[in-house]
Amino acid sequence: MTDEVQQAAIEAAQRVVEEVSSWEYSAEDGTIARQLDDGLQKAGVRLDDDERERILAEIDGMKDEQSSAPHVRSATPVE
């Protein structure tokens with residue numbers, strides 16, 4: 001995978017994380033996970049299990065609208 005392809009995947013995943021974080025930070029854990037998974041699927045990218053769990057934990061840790069979305073460190077396109 002080229003750096004450009006990986007960077008595009010990270011950017012797509014980041015947009016999904018920002019969307020989920022902005023609307024779902026106060027939702028139930030299951031709702032947040034479903035919204036994240038659905039968004040990633042629609043974007044055609046995936047996170048490895050550790051990255052997904054880290055992001056879900058950080059979204060869960062957001063308690064107000066002033067918090068910023070977690071930063072995606074790695075993502076790959078769905079093949």
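**Close-up views of a predicted model**

View 1. Arg54 and Glu51 pair up in a salt bridge, with 2.9 Å between their closest N and O atoms. This is a predicted model, as are all the views here. Both partners belong to helix 3 and sit three residues apart, about one turn of the helix. In an α-helix there are 3.6 residues a turn, so residues three or four places apart point the same way.

**View 2. A salt-bridge network around Arg52.** Salt bridges link Asp37, Arg52 and Glu53 into a network. On one side, the Asp37 and Arg52 side chains meet at 2.8 Å, N to O. This pair connects distant parts of the chain, since Asp37 is in helix 2 and Arg52 in helix 3, 15 residues apart. Arg52 also meets the side chain of Glu53, here at 2.9 Å, N to O. Asp37 has a relative accessible area of 33%, so it counts as partly exposed. Glu53 is partly exposed too, because its relative accessibility is 47%.

View 3. Helix 2 has 15 residues and spans 21 Å from its first C-alpha to its last, close to the 21 Å expected at 1.5 Å a residue. Which residues of helix 2 are buried? They are Ile32, Ala33, Leu36, Gly39 and Leu40. Looking down the helix 2 axis, the buried residues fall within an arc of 135 degrees, so they line one face of the helix. Turn to the other side of helix 2 and you will find Arg34, Gln41 and Lys42 exposed. Just after helix 2 comes Gly44, with a positive phi of about 75 degrees.

**View 4. The largest nonpolar core.** This core brings together 18 residues. Ala13, Leu36, Leu40, Leu47, Ile55, Val72 and Ala75 are those with the most contacts inside it. Helix 1 (3-24), helix 2 (29-43) and helix 3 (49-61) are the elements that each give two or more residues to the core. Helix 1 provides the largest share, with seven residues.

**View 5. The surroundings of Ala75.** What does Ala75 touch, leaving aside residues up to four places away in sequence? Its contacts are Gln6, Ala9, Ile10, Ala13, Arg46 and Leu47.

Terms used. Residues numbered from 1 in each chain as written. Predicted model: local features only at pLDDT ≥ 70, side-chain atom pairs only at ≥ 80, totals over all residues. Heavy atoms only, no water. Core = buried A, V, L, I, M, F, W, Y, C linked by side-chain atoms within 4.5 Å. Buried < 20%, exposed > 50% of the residue type's maximum accessible area, 1.4 Å probe, protein only. Helix = DSSP H or I, 4+ residues; strand = E, 2+ residues; numbered from the N terminus. Contact = heavy atoms within 4.5 Å. Salt bridge = Lys/Arg side-chain N within 4 Å of Asp/Glu carboxyl O. Expected span 1.5 Å × (residues − 1). Arc of directions from axis to C-beta.
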